[in-house]
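Let's take a friendly walk through this fold, from its sheet out to the helices around it. Keep the model open beside the text as you read.

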Amino acid sequence: MVGSHPSVAITISFLLLVLPPTSFSFVTGSAPGATQRLRHFSTIYAFGDSFTDTGNTHSTTGPYSFGYVSSPPYGATFFHHSTNRYSDGRLVVDFLASMLSLPFLPPYLDRAADFSHGVNFAVAGSTAIEHDFFVKNNVTIDITPQSLMTQLTWFDKFLEEKGCKTRGSRRCRAATADALFWVGEIGANDYAYGFTSTLSPTVIQQLAVKKVFDFVEALLVRGAQYIVVQGLPLTGCLPLTLTLAPSDDRDDIGCVASVNRGSYNHNVIVQNELQELRHRFPKAIISYADFLGAHHNVMKHPAAYGFTEKLKVCCGSGGDPYNFDLFATCGSPNVTAACPEPNKFINWDGVHLTEAMYKVVADMFFHHGYCKPSFDVLLAAKSPES
């Protein structure tokens, strides 16, 4: 177990804070009439951590050792400059926006942005459990203070600015009822925090899952009718984790077994909690996006999705086996260039994924049944013809 090695655990607790086929049909290549149907969502509200953050975090606020997100080669593949996304290009939430024929979601902290089609409240390093809880339990690392509750507070302020001051009012219903709510992966950072505390992993799990439940319930109370909740990925397959964990802690795909088990167990409980919310809010569509299942399928069959490097980092240093050096990460003065073909790599900087991998995962979510109920069910429920 990683938790039994203090030096490894402390380092992981610093660094996991930012956690967290050859052709696809998103905007182009869709079936006739599909684009028209997808236009029924005109607004997206997104939440989560660095896997979903489109710019709320900058290098000056980024987590330790991954504090270079404002520097190249971040963003080099698609945007050709840094957009403060922890990848070489687009994230799953970007592919979601494109599929719905909407602009990319601006970060909430960019107060000059156009929020007419939605807002992204996700923050790199964010946790499900409130920051104060970790401080009270003697986790004194200088860590990102934002949590899901912070993001909910931001969302409430945003609604107030739109004139929504009384829940259930016409203005509030207009702001929430027809929007798609995307709750990106959240919770990996909570488990990382727990490594340096006396709290048991079970306590962290119980609290983290409860906070996810409370957050989704709060969105439903505020009038949300269409919600996608994304599970944790295979956090044991991140090069950072592989570098720091004991070499005898491995599963059948070569990743850290104990960490992947923890992510799997978290996801199972989250799905059970979502089922309870479906019973309580029968008019809402709550879909679970199986990130771990999609990630696992790609790790088992990387070549089928165009990948030749499933564990090595594209933007890093240190050479084999992972090209990852804790003290010379992507965007730092020692790492100003990435691999020449990021589309062949699953891992971008040691903690986050490449645009190519996010594109594959998005396609699996939207078109290949890794959303439960399927994304088509959610869209059909929103369709005025339904």
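## A pair of strands and their sheet

Ile 227 stands opposite Ile 286 in β5. Strands β4 (residues 226-230) and β5 (residues 285-289) run parallel and are joined by five bridges. Here, helices (H or I, at least four residues) and strands (E, at least two) are DSSP runs numbered from the N terminus, and two strands pair if DSSP finds at least two bridges between them.

Stepping back, the open sheet has six strands in the order β2-β1-β3-β4-β5-β8, with mixed pairing. Because β2 (118-120) and β8 (371-372) each have a single partner strand, they stand at the edges, and one side of each is left without a neighbour in the sheet.

## How to read the values

This is a predicted model, in which local features need pLDDT of at least 70 and side-chain atom pairs count only at pLDDT 80 or more, while totals for chains, interfaces and linings use all residues. Residues are numbered from 1 along each chain as its sequence is written, and side-chain values use heavy atoms, with hydrogens and water left out.

## Helices on the sheet

Helix α5 (residues 148-161) lies across β1 (44-47), β2 and β3 (180-183), and runs at about 155° to β1. Helix α8 (residues 201-221) also packs on the sheet: α8 touches β1, β3, β4 and β5, and its direction makes about 170° with that of β4. Axes are lines fitted to C-alpha atoms, for helices over the stretch in contact, with angles from 0 to 180 degrees between N-to-C directions.

Look for Phe 155 in helix α5. Phe 155 counts as buried, because its relative accessibility is 0% (buried is under 20% relative accessible area, exposed over 50%, partly exposed in between, with a 1.4 Å probe and protein chains only). Beyond its neighbours within four places in sequence, the contacts of Phe 155 (heavy atoms within 4.5 Å) are Tyr 45, Phe 47, Phe 121, Thr 176, Phe 181, Leu 219 and Arg 222.

## An enclosed helix

Helix α11 (residues 291-300) is largely enclosed by the rest of the structure, because seven of its 10 residues are buried. Among them are Phe 291, Leu 292 and Met 299. The buried residues of α11 pack against β4, α10 (257-280), β5, β6 (309-313), β7 (345-347) and α12 (355-367).
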